[in-house]
Structures are given as C-alpha cells and as structure tokens.
Amino acid sequence: MQLIAEQSAEYSVKHSGAAGRAGAVLTINLQALRYNFRFLQNKLGQARCGAAVKADAYGLGAVRVALALQEEGCRDFFVAHLDEAIALRPHLLKDSMLYVMHGAPVGYEAEFLEHACTPVLNSLEQIAAWHRLAQAKQTSLPAFIQIDTGMSRMGLSTKEVNAWIADPSLTQGIAISHLMSHLACAEDQQHPMNQQQLQTFKTLRAQLPACAASLANSSGIFLGPDFHFDLARPGAALYGVAPVAGQENPLQAVALLQGKIIQIRDIPAGTGVGYSLTYRSQQPRKIATVAVGYADGWMRSLSNRGVAHIAGQPAPMVGNVSMDTITLDVSDIAPESLYPGAAVNLLSATNTVDMVAKLAGTIGYEILTSLGQRYYREYTDAVSSGSSSSSLSIDSELQHQKSQHKVISHSGTVNTDAIKGEAQ
C-alpha cells in the first residue's frame with residue numbers, strides 16, 4: 001500500500017492541476033510533426049508541401065499545428081469549412097494562404113475577402129457566384145478550381161468542365177491560382193484508378209486556362225513525381241498515419257494518448273465484465289478500469305478487441321467499451337506498475353493509430369478526428385521556445401517505431417453476438 005501511495009504521488013507531481021484531474025492526457029509531439037513535414041517536402045522536391053488542417057488538424061489542434069508548420073516553411077493551409085478558416089486566419093502569417101475546400105457557402109462569398117481566405121470552387125454555381133462578386137468589386141479574385149477526375153464527390157463534372165472549355169468567359173474576373181483534383185485510391189499504389197485519374201487530370205488541364213496544379217494528397221506524394229505537380233496537400237501523413245497500404249510507415253507518431261487507471265480488482269473464473277457481460281473470464285484474472293470511453297472517441301468497436309500498453313507490456317481490452325471507461329486484463333502486468341493513476345498507453349509509436357484503427361475496423365483518420373475534448377492536451381516541441389514541454393516521454397516511444405508487437409489473446413470467452421447498448 002505504501003508503494004502504491006508513493007507511485008500515485010509521483011504521477012500527481014508529473015500531472016498537477018488540470019492534467020492531474022483529467023482521465024487521460026493527449027500529448028501532441030510537434031517535433032514529430034515537423035519531421036513529417038520535412039520528410040514529405042523532401043520527397044516532393046521542387047513542388048510545395050501544403051498542409052490539410054481541417055477538422056482541427058485531424059483532432060490535434062489546428063492553431064498549434066499550423067504555427068509549427070509555418071516555422072518549417074509551410075505557407076499553404078487547407079480547411080473544409082469557412083468557419084474553420086475564420087478561426088485560423090488570425091494566427092497565420094500574412095503571406096500564408098488559407099484555402100476552403102468546400103468553397104463559399106451560398107451568400108457568404110464576401111466573407112472570404114474580409115478574412116483573407118481563398119475558396120476552392122467546385123461547381124459552375126460557385127464559379128458564377130465568385131464571378132459576380134469579382135464584378136461587384138471591380139477586381140480579379142483568386143480561387144482554386146477543382147475538377148472531378150473520377151471520385152464523384154467534389155469538383156466540376158466532365159460536363160461542367162466541357163462547358164467551361166466551350167465558354168472561357170465563365171471564369172472571367174477569377175484569378176485561378178491552381179487547378180486541382182483529388183485522388184480516390186492513392187493509398188493502394190497498384191490501383192489502376194491512380195493512373196486513370198492522372199491522365200484525366202492532364203488531359204483536361206491541357207484544355208483549360210494555364211495555371212499551377214495540385215493533385216497529390218498524403219498517399220499521392222508516394223506515387224511519384226508525375227503526381228506532384230506544383231503543390232501537394234498532405235493531411236493524415238503529417239500526423240503520422242501510414243500513407244501506403246502494406247508498407248512500413250516512414251513517418252513518426254505525432255499523438256500519444258495515455259489514460260489513467262481508476263481501480264484494479266481480482267475476479268474469479270466465470271466472472272463477467274462490463275455492459276452485457278460480453279466477456280467472461282475462464283480463470284482468475286486481474287482487471288483494471290481506465291478512465292477513457294466512447295465519449296472520448298475510444299470506439300466501441302474496440303470492445304474485446306483493443307490492446308493497451310502498461311510499462312511497455314500489452315494489456316488486452318475485455319468487455320464492452322463504456323461511455324467513460326474501458327476494462328483491461330492486466331493479469332500479466334508487473335504488480336509494481338499497477339496502481340490508481342498509473343499511465344496506460346492507448347496511442348503511441350508502439351501502439352500506432354493505424355494499429356488501433358485496424359482493430360476497430362476503421363482507418364487512422366477516424367481514430368484521430370474522433371479524439372475527444374475531455375483529454376488534457378499537452379504539446380511538446382523543443383524547437384519553439386513558446387511551447388510547453390510534456391512530462392510524458394514521447395521520445396522513448398519513438399525509439400520503438402520498428403518494434404515487433406505480440407499477438408494478444410483475450411483470456412476468456414467473448415460473446416460476439418452483438419455488443420449491446422449501455423443501460424445509461
């Protein structure tokens with residue numbers, strides 16, 4: 001008991017105040033972010049490396065992320081919504097460009113001028129509205145124009161592009177900064193759609209007004225120089241998500257998520273755990289309850305599937321993920337590492353966002369953007385003098401990027417029928 005009290009006190013010293021009160025600490029390693037940007041820029045050669053900072057920089061904090069990337073030389077930032085741009089613009093340098101990929105909401109075109117941001121025009125209707133504003137202001141207004149090359153989501157359709165080719169006056173008064181499109185299958189380097197979209201983009205671009213071009217997203221950068229053009233728009237790769245399916249990830253983990261143990265209990269054989277008792281122990285086990293749940297973005301699909309790490313050792317998740325908690329089988333963890341307040345690694349360089357996503361049946365993008373607001377957030381960055389220093393050791397995590405990972409078995413029976421809803 002004395003040892004537990006001393007360990008809990010030590011953890012409290014490291015995390016006092018809001019960090020100590022929080023159920024989990026999310027540390028964003030801006031040094032790793034900087035490394036990833038430099039890696040991608042080097043791979044792009046003469047093409048510029050921009051940054052997608054939409055969705056609050058994939059859940060990691062758009063302002064802090066953009067400021068760090070600006071220090072590395074990034075000057076092209078992409079968000080999805082106008083409100084995201086309005087919130088970010090005051091923090092950017094005057095020469096940094098801020099692009100809104102959804103274009104201008106109907107009737108709000110003038111706000112782009114007020115907040116010094118540039119729309120990506122995706123339809124003839126958006127082009128017409130931007131054209132009218134240029135006429136009203138009696139000036140030429142900058143814009144990206146996106147064309148659809150096969151994803152069928154955003155951008156001018158082939159029919160609309162042909163109408164533009166037939167009538168170039170449609171974009172009169174618009175200073176087209178870049179022509180862009182978006183790759184649908186770039187993470188699969190062998191997918192035939194990559195070359196199909198590239199050729200479509202080149203063919204249409206040759207018939208349109210001359211301007212710079214942007215095609216590559218994170219994975220597109222790894223398809224080679226033919227896809228780089230003038231500007232790339234990486235997002236997930238900046239934040240450590242693997243860019244190429246089936247290949248070793250050359251990028252560094254940016255997010256470290258550490259939950260905290262609330263309590264530990266010993267259960268006999270035949271004991272159920274969690275809502276609906278979907279897990280039942282086959283032998284005596286030691287169970288730790290951790291203060292992270294689906295309200296924090298820890299997905300319910302990880303029930304009886306996820307893995308955490310304590311003191312470098314794996315601990316399988318058992319039972320359903322609850323709103324505020326998860327339960328781990330810590331029977332194989334050294335007793336001195338188990339105490340209230342002990343750190344539990346949920347995201348790290350050895351338990352990467354891609355690994356978690358695979359277990360959850362989703363993609364790394366969703367794991368990051370789902371990270372909740374109840375976490376205490378710390379930023380570590382030795383380069384920027386104004387940033388805070390994390391009390392959690394991310395460097396030790398990054399040293400294990402190439403570590404081999406044990407296959408974890410859940411020592412008990414799991415009811416795989418449905419993971420039923422919570423009672424409250």
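Here are some friendly questions and answers about this predicted model.

Q: Why is Q138 called exposed?
A: The relative accessible area of Q138 is 73%. You can find Q138 in the loop between α8 and β7.

Q: What makes A311 count as exposed?
A: A311 has a relative accessibility of 60%. The cut-off for exposed is over 50%, so A311 at 60% counts as exposed. Look for A311 in the loop between β15 (307–310) and β16 (313–316).

Q: What is the phi of Q138, and what is the phi of A311?
A: For Q138, phi is near 55°, a positive value in a residue other than glycine. For A311, phi is also near 55°, and here too the value is positive in a residue other than glycine.

Q: How do you know that β5 and β6 pair?
A: Strand β5 (residues 97–100) is joined to β6 by two bridges. Pairing needs at least two bridges, so β5 and β6 qualify as a pair. They run parallel, and Y99 stands opposite T118 in β6.

Q: What makes β6 and β7 a pair?
A: Between β6 and strand β7 (residues 141–146) there are two bridges, in the parallel sense. At least two are required, so these strands pair. In this pairing, L121 stands opposite I145 in β7. Together with helix α8 (residues 124–137), β6 and β7 make a right-handed β-α-β unit.

Q: Which residues cover the two faces of strand β6 (residues 118–121)?
A: T118 and V120 lie on one side, P119 and L121 on the other, and all are buried.

How values were computed:
Residues numbered from 1 in each chain as written. Predicted model: local features only at pLDDT ≥ 70, side-chain atom pairs only at ≥ 80, totals over all residues. Heavy atoms only, no water. Buried < 20%, exposed > 50% of the residue type's maximum accessible area, 1.4 Å probe, protein only. Helix = DSSP H or I, 4+ residues; strand = E, 2+ residues; numbered from the N terminus. Right-handed = clockwise from strand over helix to strand, strands pointing away.
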